[in-house]
Amino acid sequence: MSIRLYNTLSGKIEEFQPIKPNEVSMYVCGPTVYNHAHIGNARPIIVFDTLRRLFEAQGYTVKYVSNYTDVDDKIIKKAHEENVPEGMISARYIEAYQKVRESLNTETLYATPRVTETMDEIIHFIDELVSTGHAYAVGGDVYFRVSSVPSYGTFSKQNLEDLQVGARIEENAKKENPLDFALWKETDMGIKWQSPWGEGRPGWHTECVVMIHKEFGDQIDIHGGGMDLRFPHHENEVAQSQALFHNSIARYWLHNAMININGEKMSKSLGNVSWAKDVIEKLGADLVRWLMLSVHYRGELNFSDETIETARKELDKVRMPMKQAYIKSQLAGTELSGRDEEAVQRFIAAMNDDLNTPNGYAEIFETVKKLNQALRQREIQWDQVGAQTAALEAMLEILGIRLPKVELSEDDKQVFAQWNAAKAEKDFAAADAKRAILIERGLM
């Protein structure tokens, strides 16, 4: 079954063809670690973890890398405010970000490179750009010469004339062209490194290119990130890669859309920024993932009480019959076995169409309907129940949703037996008491 993905590079959906057979190399831009991750940062974590799981479900080996930008003006500013070293700030928020990633049921990444650990390679890379004429030094700064890459602007579909007009408003006299961007910045404040151009630190746009090259070589299969990174960050990454490696870094560029809060863009000025850790603690990872994946990754997602409640109801529709299947089979002394492979393949086929999670959800609900029908039969056909339950487990595994299997203790089974006996004897008070115990244990 072929996987088709919308490629920002070409502006169309293309069939995925890996560089190496049955292997996927994937890099997703990580956070600048000066504060906690907000809920918008959680979307690429979930989207690209799900894409990875989809590949793995079809036999691919996925080498997935995401970085930490641990050198930045915002980190330096925060360190200065707190009167602590920059490394203390970045270490604090790397740990916090990692906790968020792990709490979202994600698979472990192949590598999480840091800018501070890649400095020698970054300086060498910039030096190569200077020596090949793609960059130039002015004083202690180094700028990329945008005019040296004729295709500049085409990746993000930018009109260069419009960009130049905008750039001239805050023109830097050091630059040959207002669109030229910094690769190295001379600095006298905060953390800095020695380089051929003096003491300073790298520009953001050059760091990812170098980390990708260090981890993978000249080209990767997939480069991902949020829609807001297409320009200037990803455009500038592509330009540098074209300059030195004569390719666009990745064969496929994927971008997830942004998150709105109650219909409004999330921003500090509006005061509606929600920290991911708080949302996950309140809603749980399963519900957060279900809500995040309920909308196609290229569509804007609205976080509101209404959308959260809708997601909760949908997830309960899946959760309840699965729970019933686990409980009823154990009470009947039956092992669930088998799997509806056709249902799983229909789900995968839906997801293979540019990670179309809404269509994948439709296949889940169709399977839930069959499971409910099987559970309602007077004489339950356990092979049908087992096949549908296992199919749902496989689908949810690809979505990274971990609904726990219910394991009944002997005492649980005894309470169920007492409840059924009380109902048969029409002893409603006793039946209600036993039912209350089962509800308290989360078994009803």
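1. A residue counts as buried when its relative accessible area is under 20%. Phe 181, with a relative accessible area of 6%, is therefore buried. Phe 144 has a value of 0% and is buried as well. The model is a predicted one, and the points below should be read on that basis.

2. The sheet to look at is an open one, made of four strands in the order 5-6-7-8 with antiparallel pairing. Its edges are strand 5 (135–138) and strand 8 (200–202), each of which pairs on one side only. On average, neighbouring strands in this sheet are turned by 20° against each other, direction ignored.

3. Within the sheet, strand 6 (residues 141–144) pairs with strand 7 (residues 181–186) in the antiparallel sense, over three bridges. In general, the strands of a sheet pair through backbone hydrogen bonds.

4. How many aromatic pairs does the structure hold? The count is 13. One of them is formed by Phe 144 and Phe 181, which are stacked at 5.0 Å centre to centre with 20° between the planes. The angle falls under the 30 degrees that sets the limit for stacking, so the label follows from the geometry. Phe 144 belongs to strand 6 and Phe 181 to strand 7, and the pair links distant parts of the chain, 37 residues apart.

5. Phe 155 and Trp 253 make an edge-to-face pair, with 4.8 Å between centres and 65° between the planes. Phe 155 is in the loop between strand 6 and helix 5 (160–168), while Trp 253 is in strand 10 (residues 250–256), so this pair ties together parts 98 residues apart in sequence. Are these two residues buried or exposed? Both Phe 155 and Trp 253 are buried.

6. A further aromatic group deserves a separate entry. Phe 16, Phe 55, Tyr 60 and Tyr 252 form one aromatic cluster.

7. Two charged side chains lie over aromatic faces. Arg 298 lies over the face of Tyr 6, at 4.2 Å from the ring centre. Lys 317 lies over the face of Phe 365, at 6.0 Å from the ring centre. The distance cut-off for such a contact is within 6 Å, and the value for Lys 317 and Phe 365 is given as 6.0 Å.

Key. Residues are numbered from 1 along each chain as its sequence is written. This is a predicted model: local features need pLDDT of at least 70, side-chain atom pairs count only at pLDDT 80 or more; totals for chains, interfaces and linings use all residues. Side-chain values use heavy atoms; hydrogens and water are left out. Two strands pair if DSSP finds at least two bridges between them. Helices (H or I, at least four residues) and strands (E, at least two) are DSSP runs, numbered from the N terminus. Axes are lines fitted to C-alpha atoms, for helices over the stretch in contact, and angles run from 0 to 180 degrees between N-to-C directions. Rings of Phe, Tyr and Trp (its six-membered ring) pair if their centres lie within 6.5 Å; planes under 30 degrees apart count as stacked, over 60 as edge-to-face and the rest as tilted. Buried means under 20% relative accessible area, exposed over 50%, partly exposed in between (1.4 Å probe, protein chains only). A charge sits over a ring if NZ of Lys or CZ of Arg is within 6 Å of the ring centre and within 35 degrees of the ring normal.
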